[in-house]
Every structure is written in structure tokens, then in C-alpha cells.
Amino acid sequence: EILQSVAVNPKSWVAELIGETLWLCESKPIKGEQMSCAISLESMVDYAKSHLGDQVKVFSTDVDKYGKQEYEIENAEKIKNNKNMVCHKMVYPYAVFYCHTSSKTDVYKVSLIDDTGNEVRAIAVCHKDTSAWYPGHIAFQLLKVKPGSVPICHFMNVDAMIWVSN
């Protein structure tokens, strides 16, 4: 019904991504995690405040120029916080943000410089406990490690926001 109402071909890659959004939003959180799908910016802010308190800050990766470049880390600074929550913009005909908390994570502001001198202000997250993650997660495949064996760190996409308690 959703695909039909917005004229999306049910066999298209967009339809597949919309289906993934629905599946993720209807799934249960992994152990130690809280999650919800917010359907507006206002509901995302309300959800963040309900889990982190009224005093929150939000961070995101800021890229001026897109493309495949090599970057050098210029500086990294740990963001001090008690709790955090990340919200990912999902593919859907309307605003949907998949928001979830993760226990035992560190958040960093990272300055990256490409070979032309352009700066990227990125957010990186390090998950210190991955023991409850799906064993087939792409991170384990790429790094050739098992759940819970090592911390997993990654940069946040430009369409994700990380909320931290102040």
C-alpha cells in the first residue's frame, strides 16, 4: 500500500530500502539497547530528551565536498558524555529516523584533511561491547573478527546524528 501510494515500483531498489526501514522499525532491539523510529524531527528531539535528559547536544559529520578521497586524521577529541543515542535518516517516503542507544560506546569529534586541504569534521563511534551483535554483521566480516572480541569503531554517515547527554 505504501509503495502504491507514492508510485514506487515494488521491484525497485527504493522499494527494497523502504522494506528494510519497515523491518528495522518493527524489530526488537538487541540486548542492552533501546530503539525507536521517530517520524518527525520534533519526535526525534523528544525521544532523545526522554532517554538522555533535557540537557543534550547533537553532533553530526560535516562534509563540504563529496567524493572518494583519502584523508589524514588531523585531530581527534573524545566527547565526554554519560549516555548517547544515534539517529539514522532512513529511506522512506516521509521522515523516519531510526534512533537507538548503545551501551559502552565512546564518541569522538575527528578532523580529517584530504589531499587538497579540504577539512571534514567527522563523528566517530567506538562500540566497546559487540557481544550481542548479529554474528553476520558487515563489521565482523570486513575485520575478520567475532562478536565481543574487539571494539568496533566507525565514522558516522552525514545523514546520522548523535545525541549526547550534557
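The model I consulted is a predicted one.

**Entry 1: aromatic pairs**

I searched the whole structure for aromatic pairs and recorded two. One of them joins Tyr 94 to Tyr 92, with 6.3 Å from centre to centre and 55° between the planes. I noted this pair as tilted.

The other pair is formed by Trp 133 and Phe 140, whose ring centres lie 5.8 Å apart. Their planes stand at 50°, so I classed this pair as tilted as well. I then looked up how accessible the two residues are. Trp 133 counts as buried because its relative accessibility is 16%, the limit for buried being under 20%. Phe 140 has a relative accessible area of 3% and is also buried.

**Entry 2: a surface patch**

Next I turned to helix H4, which spans residues 138-143 and contains Leu 142. I found Leu 142 to be exposed because its relative accessibility is 64%. Together with Ile 138 and Leu 143, Leu 142 makes a nonpolar patch on the surface. I wrote down about 330 Å² as the accessible area of these three residues together.

**Entry 3: the largest nonpolar core**

Which residues make up the largest nonpolar core? I counted 11 residues in all: Ala 38, Met 44, Tyr 47, Ala 48, Leu 52, Met 85, Cys 87, Phe 97, Cys 99, Met 161 and Trp 163. I then asked which elements supply them. Helix H3 (41-52), strand E5 (84-89), strand E6 (97-101) and strand E10 each give at least two residues to this core. The largest share belongs to H3, with four residues.

**Entry 4: a loop residue**

Where does Asn 157 lie? I located Asn 157 in the loop that runs between strand E9 (152-155) and strand E10 (160-165). Asn 157 is exposed, because its relative accessible area is 53%. I also compared the position of Asn 157 with that of Thr 61. The two residues are 96 residues apart in sequence, yet their C-alpha atoms are 6.5 Å apart in space.

Definitions and conventions: Residues numbered from 1 in each chain as written. Predicted model: local features only at pLDDT ≥ 70, side-chain atom pairs only at ≥ 80, totals over all residues. Heavy atoms only, no water. Patch = residues over 30% accessible without salt bridge, like charges linked within 9 Å, V, L, I, M, F, W, Y side chains within 5 Å. Areas by Shrake-Rupley, 256 points an atom, 1.4 Å probe, with all protein chains shown as cover. Salt bridge = Lys/Arg side-chain N within 4 Å of Asp/Glu carboxyl O. Buried < 20%, exposed > 50% of the residue type's maximum accessible area, 1.4 Å probe, protein only. Phe/Tyr/Trp six-rings, centres within 6.5 Å; stacked < 30°, edge-to-face > 60°. Core = buried A, V, L, I, M, F, W, Y, C linked by side-chain atoms within 4.5 Å.
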